[in-house]
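Subject: Structure for your review

Dear colleague,

Please find below the structure that I am handing over to you. My findings follow it, beginning with a term that the description requires.

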Amino acid sequence: MIEARHLRVLRAVAATGSFSAAARELGCTQPAVSQQMKALEGAAGTPLLIRTGREMRLTEAGEALVRHAAGILAGLTAAEEEVAAIAGLRAGRVRLVSFPSGSSTLVPTALAEMRAAHPGTRASLVEAEPPRSVEMLRAGDCEIAVAFRYPQADAAAEAGPGWEDLVARPLLSDRLVVMVPREHRLAGAGTVGMAELAEEPWIAGCPRCRRHLVEVCESEGFTPRIDFATDDYPAVVGLVAAGLGVAVLPELALESVRAKGAVTLEVKPAVRREVVALTLPDLARVPAVAATLDRLERAARR
């Protein structure tokens with residue numbers, strides 16, 4: 001294998017015409033130059049220099065290698081500088097995938113802090129619900145997936161493959177609340193048990209949230225009658241406010257939605273979902289990824 005340090009020696013020998021002059025230019029000894037040239041010729045499998053007395057000239061193979069050496073060493077220098085910039089957070093890229101309520105609350109704060117602290121780094125965001133977001137992470141389509149799961153549910157049924165092979169940074173425990181129309185009979189109750197809503201029409205969210213709603217209701221002795229299903233939280237609030245049903249929403253979603261015409265009630269017993277930032281173990285050591293994870297965690301504490 002041809003090594004970069006050998007190419008630097010070859011260029012010095014070609015430029016100066018002798019081992020001793022090349023040694024002075026490189027700041028090493030003449031025997032060291034001679035040894036490295038022997039190693040390079042061994043790797044190349046052909047002579048690179050012709051020695052005639054004190055004179056030294058390149059063979060055809062040596063001339064070809066010197067021509068390529070300039071570009072190779074320049075590219076290597078550029079790569080070293082780029083890697084140093086990424087390691088020092090002067091450059092780098094982080095692609096995030098997040099579920100909608102996370103991308104409207106946690107992600108903007110974290111990315112704004114990243115841009116202010118490290119303007120050379122670039123960030124992008126696309127939306128996807130788990131388990132799709134976790135699949136994208138494993139497929140290499142992103143560096144960080146902001147995801148959620150319900151601890152009460154069976155992990156295998158909940159999210160397909162587990163998260164054991166991933167680095168999971170806990171962000172927050174997101175409490176679910178019930179939303180009812182302002183004129184609803186329970187609007188002033190403050191708290192509500194799920195069984196009290198057994199006869200109500202329901203508005204459900206994403207498929208995983210819908211499945212979890214059914215599981216919670218069935219654990220309370222009834223199967224919810226789901227009249228409407230939408231992934232859009234403003235649409236859920238609008239349907240509830242219009243008196244078309246009741247819904248369960250995560251508190252995180254309510255931070256970016258006006259609940260006009262609807263009232264939120266605390267669920268007893270409490271129902272929560274775990275919100276985490278996921279990445280691969282190797283990616284967790286990349287400076288830009290690690291810094292973004294820290295800022296997501298900080299955004300969740302606010």
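A crossing of two helices is called left-handed if the near helix is turned anticlockwise from the far one by less than a right angle, and right-handed if the turn is clockwise. In this predicted model, helix α1 passes helix α2 in a right-handed crossing. The residues that form this contact are Arg-8, Val-9, Ala-12, Val-13 and Thr-16 on the α1 side, and Phe-19, Ala-21, Ala-22, Glu-25 and Leu-26 on the α2 side. Sorted by class, the contact of α1 with α2 comprises seven nonpolar residues, one polar residue and two charged residues.

Two packed helices are described by the angle between their axes and the distance between the axes. Here, α1 spans residues 4-16 and α2 spans residues 19-26; their axes lie 8 Å apart and form an angle of about 120°. The two helices, α1 and α2, are therefore oblique to each other.

Which of its residues are buried? Phe-19, Ala-21, Ala-22 and Ala-23 of α2 are buried. The partners against which the buried residues of α2 pack are α1, α3 (30-44), β1 (49-52) and β2 (55-58). Just after α2 comes Gly-27, with a positive phi of about 75°.

When neighbours within four places in sequence are left aside, Glu-113 is in contact with Arg-295, Arg-298 and Arg-302.

I turn now to the chain as a whole. Its secondary structure consists of twelve helices and twelve strands. The radius of gyration of the chain is 31 Å, whereas a compact globule of 302 residues would have one near 19 Å. Along the principal axes, the C-alpha atoms of the chain fill a box of roughly 105 × 35 × 25 Å. Of the 302 residues in the chain, 42% are buried. Among contacts in the chain with a separation of 6 or more, 72% are between residues 24 or more positions apart.

With kind regards

Methods
Residues numbered from 1 in each chain as written. Predicted model: local features only at pLDDT ≥ 70, side-chain atom pairs only at ≥ 80, totals over all residues. Heavy atoms only, no water. Axes fitted to C-alpha atoms, helices over the stretch in contact; angles between N-to-C directions. Helix = DSSP H or I, 4+ residues; strand = E, 2+ residues; numbered from the N terminus. Parallel < 35°, antiparallel > 145°, perpendicular 65-115°, else oblique. Contact = heavy atoms within 4.5 Å. Nonpolar A, V, L, I, M, F, W, Y, C, P; charged D, E, K, R; others polar. Rg over C-alpha atoms; globule rule 2.2 N^0.38 Å. Buried < 20%, exposed > 50% of the residue type's maximum accessible area, 1.4 Å probe, protein only.
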